[in-house]
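Reader: Hi! Could you walk me through this one? I'd like to start with the charged pairs.

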Amino acid sequence: MLLYERVATALRTQIAHGTLRAGERLPSIRHLAQGHGVGVATAVQAYLQLEREGLVVARPRSGYFVRASTTLPPAPRPARNRAPGEVKNPALLDATEVGAHGALLPLHSATPAFELLPQGALIASVSRCLRRAPAAVFDYAPAQGHLALRRLIAQRYAQVGVPVSPEEIVITAGAMEAINLALRVTTSPGDVVLVETPTYHGILQTVAALHLKVLEIPNLPGRGIDVARLDHLLEQNAVRAAVLVPNFNNPLGSLTSDADKQTLVSSCARHGVIIIEDDIYGELAWSGQRPSLLRRWDTRGIVISCGSFSKMLAPGLRLGWLAGSLWTDALVRAKFFSTMGGTSLTQLAMSDYLQRHDLERHLRRLRRTLADNGQRLLEAIARYWPVDTRVCEPQGGMSLWAQLTESGDSRTLFKAALAKGIRISPGVLFSSRGDYVDYVRLSCGLVWDVRLDRAMKELGTLVARLGGSKVKAP
């Protein structure tokens, strides 16, 4: 046995026996080398081996930590033969109340904390626009959006191998307006829309507001959209459009493979289904590798791609867009008839920022932080929550999807947590019929600190108390 393997085996045994627990910091490389009487290079090799095995995780400037061992929950549980129907989930009517309380710890919010944003650079861009172009700032923005910003967004698409003309881009007030406009242009009341289950409650609320019917397709933990069931669903039901989140579904954080994306686009094209692609989390791959868009395999112009700066740069600027494909002219008209146009200041400021700064550098930092936060949440659940808690391990995005104990009720947990000053998202919000009562969504977008660790411990105590389980020993 090589020296580094001997060191790795010793650490592996300590982890297996619980001597070293999830989330605990491991000895520094120098101390590990001294303790085992080996060289620094050998200690590094031992840690790299354990990292490859998924037993430890490296944190920038912090060292190595024991990785939380997680188990995936079973696949989501939609009714196998559930027919298309209206959105019938009373919890969706109260979804705004989840975020209506101030001065609380926002573990419910799938947005980045203010501290994770390039604040100084964005503020400077806003100030520059106000000083240098006040006439443009205070004038109406074109209904389609300012050309400079549309060009920059088109360039971003080109970098991932998806050619899009600036003339195809329509600037919107966030991704939700983009999805709303796309549905309004491509569907009529009573049409059937395919959505994932679970999926973001804002999509379900929009479908309900437009009086559309919903047909659900499972999104599987660790695999993404269940394309094996897609053809059957499309053959049995007259589906007009599909609103899908193939890159880091909210709330699971799962990624649909390229092969499945290609199959999905081909199947929808064959059945005449328009795809509205919500790619709001596409830039937030925890691996650092930006996944492909469905648009990459679209040869018939059936994919409308929606995106936003909300999750990667500035939620409050409310800047999103869609690449409208064959529907661009209709989308511009719908935008004009709805709001006439967007806000000039935010569009001009974003253009200024993107021209002056390296967005990819900021994204690298943000991705590392989100991945680290996700791991810390997993470790906190492993330490503080009941042993029968099950967690989906995200591949990107900002959410962690956890299944409570067998008798757990996320609605009761939501109220109990709110009384403790903690906001979470109950699982019932992510289904058209109120499924996932025993699931919760937690945010990976907060700055990790002692307060957040204590909140996770408090939540673990509440989960155990409400579910009749014993909380783990500290």
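Author: Happy to. A salt bridge here is a side-chain nitrogen of Lys or Arg within 4 Å of a carboxyl oxygen of Asp or Glu. Keep in mind that this is a predicted model.

Reader: Fine by me. How many salt bridges does that rule give?

Author: The count comes to 18 salt bridges.

Reader: Let's take R156. What does R156 form a salt bridge with?

Author: R156 pairs with E283, and their closest N and O atoms are 3.0 Å apart. R156 lies in helix α7 and E283 in the loop between β9 and β10, so this pair ties together parts that are 127 residues apart in sequence.

Reader: Nice. Is E283 buried or exposed?

Author: E283 counts as buried, at 9% relative accessibility.

Reader: And which residues are linked with R156 in a network of salt bridges?

Author: The network links R156 and E283 with D279, R290, E360 and R367.

Reader: Moving on, what about R383 and D453, how far apart are the closest N and O atoms?

Author: Those atoms are 2.9 Å apart, and the two residues form a salt bridge. This pair also links distant parts of the chain, with R383 in helix α14 (residues 359–384) and D453 in helix α16 (residues 450–467), 70 residues apart. R383 is partly exposed at 21% relative accessibility, while D453 is buried at 19%.

Reader: Why does D453 get called buried at 19%?

Author: Because buried means under 20% relative accessible area, and D453 has 19%.

Reader: Got it. Back to that loop between β9 and β10: where does R295 sit, and what does R295 touch?

Author: R295 is found in that loop, between β9 (274–278) and β10 (303–308). R295 is buried, with a relative accessible area of 12%. Leaving out residues up to four places away in sequence, R295 touches V162, P163, V164, E168, E277, V303, S305, A323 and S325.

Reader: Switching to helices: at what angle do α8 and α9 cross?

Author: Roughly 35 degrees, with the axes of α8 (residues 174–186) and α9 (residues 201–209) coming within 10 Å. The crossing is right-handed. From α8 the contact uses M176, I179, N180 and L183, and from α9 it uses G202, I203, T206 and V207.

Reader: Last one, the surface. Which residues make the nonpolar patch?

Author: Y140, F336, F337 and M340 make a patch of about 530 Å². Y140 is in the loop between α6 (134–137) and α7 (147–159), and Y140 counts as exposed at 67% relative accessibility.

Definitions and conventions
Residues are numbered from 1 along each chain as its sequence is written. This is a predicted model: local features need pLDDT of at least 70, side-chain atom pairs count only at pLDDT 80 or more; totals for chains, interfaces and linings use all residues. Side-chain values use heavy atoms; hydrogens and water are left out. Patches are made of residues with over 30% relative accessible area and no salt bridge: like charges are joined within 9 Å, nonpolar side chains (Val, Leu, Ile, Met, Phe, Trp, Tyr) within 5 Å. Accessible areas come from the Shrake-Rupley method with a 1.4 Å probe; for residues, only the protein chains shown count as cover. Helices (H or I, at least four residues) and strands (E, at least two) are DSSP runs, numbered from the N terminus. Buried means under 20% relative accessible area, exposed over 50%, partly exposed in between (1.4 Å probe, protein chains only). Axes are lines fitted to C-alpha atoms, for helices over the stretch in contact, and angles run from 0 to 180 degrees between N-to-C directions. A crossing is left-handed if the near helix is turned anticlockwise from the far one by less than a right angle, and right-handed if clockwise. Contact means heavy atoms within 4.5 Å.
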